[in-house]
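Subject: Structure for you to look at

Hi,

Here is the structure I promised to pass on. Please open it beside this email and follow along.

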2 protein chains.
Amino acid sequence: MSRPPAEPTARTGLRELKKQRTRRAIRRAAYRLFGEQGYDATRVDQIAEAAEVSTSTVFRYFPTKEDIVLTDEDDPVLEAALRARPAGEPPLTALREALRETVRTVYASPEWVAEVEQRMRLVRSVPAVRARLDESMAATGDLLAEVLAARTGRSPDELELRVFIGATLGALREVLMHWVARGLRDDLMSLLDRAMDVLEHDLAD
Amino acid sequence: MSRPPAEPTARTGLRELKKQRTRRAIRRAAYRLFGEQGYDATRVDQIAEAAEVSTSTVFRYFPTKEDIVLTDEDDPVLEAALRARPAGEPPLTALREALRETVRTVYASPEWVAEVEQRMRLVRSVPAVRARLDESMAATGDLLAEVLAARTGRSPDELELRVFIGATLGALREVLMHWVARGLRDDLMSLLDRAMDVLEHDLAD
DNA sequence: TGACTTTTGGGAGTCACTATCAATTCACGG
DNA sequence: CCGTGAATTGATAGTGACTCCCAAAAGTCA
């Protein structure tokens, strides 16, 4: 896994480091203020001030206020997990296992868990954030379509494939909503399993 | 089906009539301007002016600009169709038939078709409108949960039930997106059938 | 017709977000 | 270690959706 010298990810040292720091500082400040005063009552200026950057900088890092909440570093994990599934495996099994793997990965990092939980609480309470989540899930759908289409040699636009993905993501959405509605107390993996069982067996209940 | 005299829907004559007229005028003006200049380039002031009302009035009728596009009169149709299904019928069949019935109803009215098509075009091109559609589909999900829970004597919050609904609506969303992506040329009913077949058979393809 | 209620218009204000430009900070070869 | 070029930042001035508020207008009903 040696990297070529000119990676597009880690360009030049100090600059990139500071950027990541700023990004984190903004997120941290935002989460703190959201927790203290609520999402709507927190102005972007306040977040900027708390993070010790200018308002313009906040918008340079996050295109919208909702994006401060939803950064979505899970997509690459899901994609990698799905690509790692054996070629012969039926799509639903592959997707199910990839989702399980993603949950496992997230749970392996305590701070990641904390972040996800904070995020989900905002998803529940703030409609705008929820809307943004749906949008990002749609993007995830496009991504999954690409990967699954490549696996089976079909077109990523084929209706049957998209329906399959749409149904699965719709189910996943309900899992997340159910989870957060009950105060994140349930075991996410179990909820996911129950949901995927519904999809696998027969949807006719 | 005779109605009690004091319906909350049609309160008093002239007032209500004018309201409906204003509502329509705003929508008509908005659709026209959106078509001519695009959604983003159309300011709410312009819509107000074209509809010959004040800007405040526009916001009194529609809480957001996106809501001018999405009014969703289909929900009651869907609900009625679902309630009309025989009690013994398995949920997926009932929901499938209810959806078919809804599509049929919409297609029975040419102007309704025109409206839906215009709406869908904006859903495709404007992210904000699409987000609003997702939100309204979530609300539809809550509605369906109530009705289906009542049918089977279960709780509307039960995960399995919500997953079932979420998956179906996810599939429906893909149908709509597929339909609009191909310029609304396909037969919507056929697309719906193909999608429901995917859900019914096995999602494993 | 006249009192009462609902709806409307207009104005002032808030806040997320954009565009722009000068100042600062970092990268890197000499 | 220094100077030049590139990336990043901050400040400022917008824009436009949306809210609040109040006085004028219109509809309702006795």
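Is Asp74(B) buried or exposed? Asp74(B) has a relative accessibility of 16%, so it counts as buried, the cut-off being under 20%. Please keep in mind that this is a predicted model.

**Salt bridges**

Start with the partner of Asp74(B). Asp74(B) forms a salt bridge with Arg119(B), and their closest N and O atoms are 3.7 Å apart. Asp74(B) belongs to helix H5 (residues 74-83) of chain B, while Arg119(B) belongs to helix H7 (residues 110-125) of chain B, so the bridge ties together parts that are 45 residues apart in sequence. Arg119(B) has a relative accessibility of 6%, so this residue counts as buried too.

Why do such pairs form? Side chains of opposite charge can pair when their charged atoms come close.

A search of the whole structure finds 40 salt bridges over all chains. Here are some from chain A.

Arg173(A) forms a salt bridge with Asp134(A). The closest N and O atoms of this pair are 2.7 Å apart. Arg173(A) sits in helix H9 (residues 159-181) of chain A and Asp134(A) in helix H8 (residues 127-152) of chain A. They are 39 residues apart, and the pair links distant parts of the chain. Both Arg173(A) and Asp134(A) are buried.

Now take Glu101(A) and Arg104(A). They form a salt bridge, with 2.6 Å between the closest N and O atoms. Both are in helix H6 (residues 91-108) of chain A. They are three residues apart there, so about one helical turn separates them. Glu101(A) is partly exposed, at 33% relative accessible area. Arg104(A) is partly exposed as well, at 38% relative accessibility.

There is also a network of salt bridges in chain A. It links Arg96(A), Glu97(A), Arg100(A), Asp193(A), Asp197(A) and Glu200(A).

**DNA strand D**

Next, go to DNA strand D. How many residues surround DNA strand D? There are 20. The closest are Lys19(A), Thr57(A), Arg60(A), Thr12(B) and Lys65(B). Of the atoms of DNA strand D that come within 4 Å of the protein, 69% belong to sugar and phosphate.

Which helices each supply at least two residues of this surface? In chain A they are helix H1 (13-37) and helix H3 (55-61). In chain B they are helix H1 (13-37) and helix H2 (44-51). By class, the surface near DNA strand D has eight charged, seven polar and five nonpolar residues.

- Tyr61(A): an N or O atom of its side chain is 2.9 Å from a phosphate oxygen of DNA strand D.
- Arg15(A): a polar side-chain atom lies 3.1 Å from a sugar or linking oxygen of DNA strand D.
- Val44(B): a backbone N or O atom lies 3.4 Å from a phosphate oxygen of DNA strand D.

**The two copies**

Last, compare chains A and B.

Best wishes

Note on methods. Residues are numbered from 1 along each chain as its sequence is written. Chains are lettered from A and ligands numbered from 1 in the order in which they are written. This is a predicted model: local features need pLDDT of at least 70, side-chain atom pairs count only at pLDDT 80 or more; totals for chains, interfaces and linings use all residues. Side-chain values use heavy atoms; hydrogens and water are left out. A residue is near a molecule or strand if one of its heavy atoms lies within 4 Å of it. A polar contact is a pair of N or O atoms within 3.5 Å; within protein, one must be able to donate a hydrogen and the other to accept it, and residues adjacent in sequence count only if both atoms are side-chain atoms. Helices (H or I, at least four residues) and strands (E, at least two) are DSSP runs, numbered from the N terminus. Ala, Val, Leu, Ile, Met, Phe, Trp, Tyr, Cys and Pro count as nonpolar, Asp, Glu, Lys and Arg as charged, and the others, Gly among them, as polar. A salt bridge is a side-chain nitrogen of Lys or Arg within 4 Å of a carboxyl oxygen of Asp or Glu. Buried means under 20% relative accessible area, exposed over 50%, partly exposed in between (1.4 Å probe, protein chains only).
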